[in-house]
Amino acid sequence: MYKKVFARPKALEDVPFHFCPGCTHGIIHRLIAEVIEELNVFEQTIGVCPVGCAVFAYNYFACDIFQAAHGRAPAVATGIKRALPDRVVFTYQGDGDLAAIGMGEIVHAAARGEKISVFFINNSVYGMTGGQMAPTTLPGQVTTTTPYGRDREINGNPVRVCEMFSVIDGAAYVARVSVHNPANIIKTKKAIKKAFQVQLSGLGFALVEILSACPTNWGLSPAEALNWLAENLIAYYPLGDFKIPKEEAKNV
Amino acid sequence: MAKVLMKGNEAFGEGAIRAGCRFYFGYPITPQSELAHFLAKRMPEVGGTFLQAESELASINMVFGAAGAGARVMTSSSGPGISLMQEGISFIACAELPCVIVNIMRGGPGLGNIAPVQSDYFQATRGGGHGDYRLIVLAPSSVQEIIDLVWEAFVLAEKYLNPILMLGDGLLGQMMEPVELDEEKEFFIPLRPWAASGRMGGPKRIINTLYIVPEEAEKHNFKLNQKYKEIEVKEQRWENYQTKDAQLVLVAFGTAARVCKGVVDYCREQGLPVGLIRPITLWPFPDKAFDYILSLGTVRYFLSVEMSTGQMIEDIRLAVDGRRPVHFYGRFGGMLPVLTDVVKEVKKLLLKEEP
Amino acid sequence: MFEQVLLAGFGGQGILSAGQLLAYAGILEGKYVTWVPSYGAEMRGGTANCGVTISNRSISSPIVSDPEALMVMNRPSLEKFEQNVVTNGLIVVNSSLINCKVERKDVQVMYIPANKLAEELGNNKVAVNIALGALIFLTQIVSLEAVMESLGKVLPPHHQKLIAINQRALKTGAQYFDHLAKEKAG
């Protein structure tokens, strides 16, 4: 008999991802599914998927799941959590979904301290609609709607989501992580787990921003994309905890 | 039970509580805010949830979440807020979730004013948002009827798994009338095997609004359409008032119908054979009421009386289908039709052929 | 026979509650009633008013645009609504706060110093019910007894102790024009 050391987490369906080569959505999906299994909350978990590349999340996560309108996942999650306070509710949202069209919903869900876990995938570009400028597109970055590079005078400045949410009272846990290499993937999983634990212990709203690669819309190979992420995205969006639950803060 | 004096807006709230609704999400807007004030007090008393959202975009999506999780849920707003909700309403209709939405109409377009109008008729009866869908639209015309129809609204929502829109106007929301509250009826919340409430050992449920493959989307649209057709056959509601021998039949709903009842009484006292059809469901529009009256043979004219520039008249024309002329009288922008003016229109039509 | 009355004054005078008192009294007498306030932006700063209809028949439009009787508690309300009253209608004027005379000659006008009488009762806030008492006496739209009985329904629980003083106010108003009745009788 061999000991099974690696298996598909039961919170993931046994279907191939549709994501492009080198896209890191698949890794993040898997990390979330692993954490759901490790925390033994699969049966009571309800997910809310966004509009964007993760729109098919309902095909991949095996838990009960909603398909929300663009940007509205935090409001949908609020309705679910208020109706069923003992369930575990998470949203999975991209940068356009969360930081542009859905900024109102996410800020107020945080301010209310909704006990939900939000996974915010920041790859600095709109993927599904064809590589347009996102609220998190870097200055100078070329996209299909900033063909001459993002110009601060014309397009304004990128939104630093974690920095912003670190000053919202209802937010209990805010962290930025990345999935560009194995060491950071491990850290990302820890942050995801923490976001669920914060919800499970009723501490409030948790948001994990995950820097993610989009080789297709960046016009890079998968390997080049991971390097570009490490060199450029992390430089603008530093990694780390931006807010940790109060009890822990006391012990530090 | 003794009668109590109640505001229309409060009656929507009390009716919802009595119907077992325990979740309300909304955003302030005149002239429906008393509904929110009322439920903010009342929901905690019955162990329910009242939550003030940051916008109507959020409130309708909270409704979407709660309904999909299996809750009996309601929201309310007025014109501009209902416009903001349309995206969410389309999603709820697509996902086939039950909920009740109240629109206490205000003057428009734009910011308009807070006076009573009926100019959201098109938006209400044509679905309102993007895509091929319909809402069942209920139009009460008294405070007592509000209480009765809210109960009905939740029953219909859960029977057909469809959002229900209750359409009132600022006057109906603000006015007080006596209502008779029965002993509280026992409400029943049926099992919701479709609700995405956490698998808890069961199969996976998806509250789905995405049909990326056109063949599947067509199938889903077909299914929705079958449901709407069934509703059109089974759920038309209206009130006939003095229509039996009427040569001129007024058609009006809500507040305009109240004015028209006065018109009918006044005309009858003068010996003028006038009646009224009051649609209670605006969608499905009560076509059957017209077929019935036309079968009696006495009616010569229909006169649509609306607090808009003429919206319901299109449905009346479709129902009458050219069999009789359909005329229009309207006041708009927040002005009410006045009894004497409607009587003038009636006389113009009925007496013009007389020597 | 009076069916439609309009009560008007400024916010805080208790106009809306006075209208509800009338409406409840109508319910007690088995009548059809409606009560409609001015609402929204209109209620800020300017006048507060409500229209009450009490009828033996079901009520079509609840709007009281041409009242048979008007009760005004301040001057802007008189200026706003004086012309709306039907010919041969009635205007009850709170002469404590309205120092001008009604211009119209085709209506009955009755002046009552409601605030002065309220102060004599020891509570300025009941002025509105003094005027209401007078209105009821002059119109007979409902009985004074039914209004007295309705006080308990309109006053919120923490104000129930005020029932007695409000009943005195209603009576004071109702008796103010007693001499007219006696003159008529004589």
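Two residues are said to be in contact if their C-beta atoms, placed from the backbone, lie within 7 Å. The model is predicted, and local features need pLDDT of at least 70, side-chain atom pairs count only at pLDDT 80 or more, while totals for chains, interfaces and linings use all residues. Residues are numbered from 1 along each chain as its sequence is written, and chains are lettered from A and ligands numbered from 1 in the order in which they are written.

**View 1. The contact between chain B and chain C.** Chain B brings 17 residues to this contact and chain C brings 16 residues. On the side of chain B that touches chain C, at least two residues each come from strand 1 (3-7), helix 7 (170-174), strand 8 (176-180) and helix 9 (254-269), where helices (H or I, at least four residues) and strands (E, at least two) are DSSP runs numbered from the N terminus. Helix 9 of chain B gives the most to this side, with 4 residues. Sorted by class, the side of chain B that touches chain C has 10 nonpolar, 3 polar and 4 charged residues; here Ala, Val, Leu, Ile, Met, Phe, Trp, Tyr, Cys and Pro count as nonpolar, Asp, Glu, Lys and Arg as charged, and the others, Gly among them, as polar.

**View 2. The two domains of chain B.** The domain assignment, which is automatic or from a database, gives domain 1 (3-234) and domain 2 (239-351) of chain B. Their centres, taken over C-alpha atoms, are separated by 28 Å, and the contact takes 25 residues from domain 1 of chain B and 22 residues from domain 2 of chain B. On the side of domain 1 of chain B that touches domain 2 of chain B, helix 5 of chain B gives the most, with 4 residues. By class, that side of domain 1 has 15 nonpolar, 7 polar and 3 charged residues.

**View 3. The fold of chain A.** The secondary structure of chain A comes to 11 helices and 7 strands. Chain A has a radius of gyration (taken over C-alpha atoms) of 17 Å, close to the 18 Å that the globule rule gives for 252 residues, so chain A is as compact as a globular protein of that length; the globule rule is 2.2 Å times the number of residues to the power 0.38. Among contacts in chain A between residues at least 6 apart in sequence, 67% join residues at least 24 apart.
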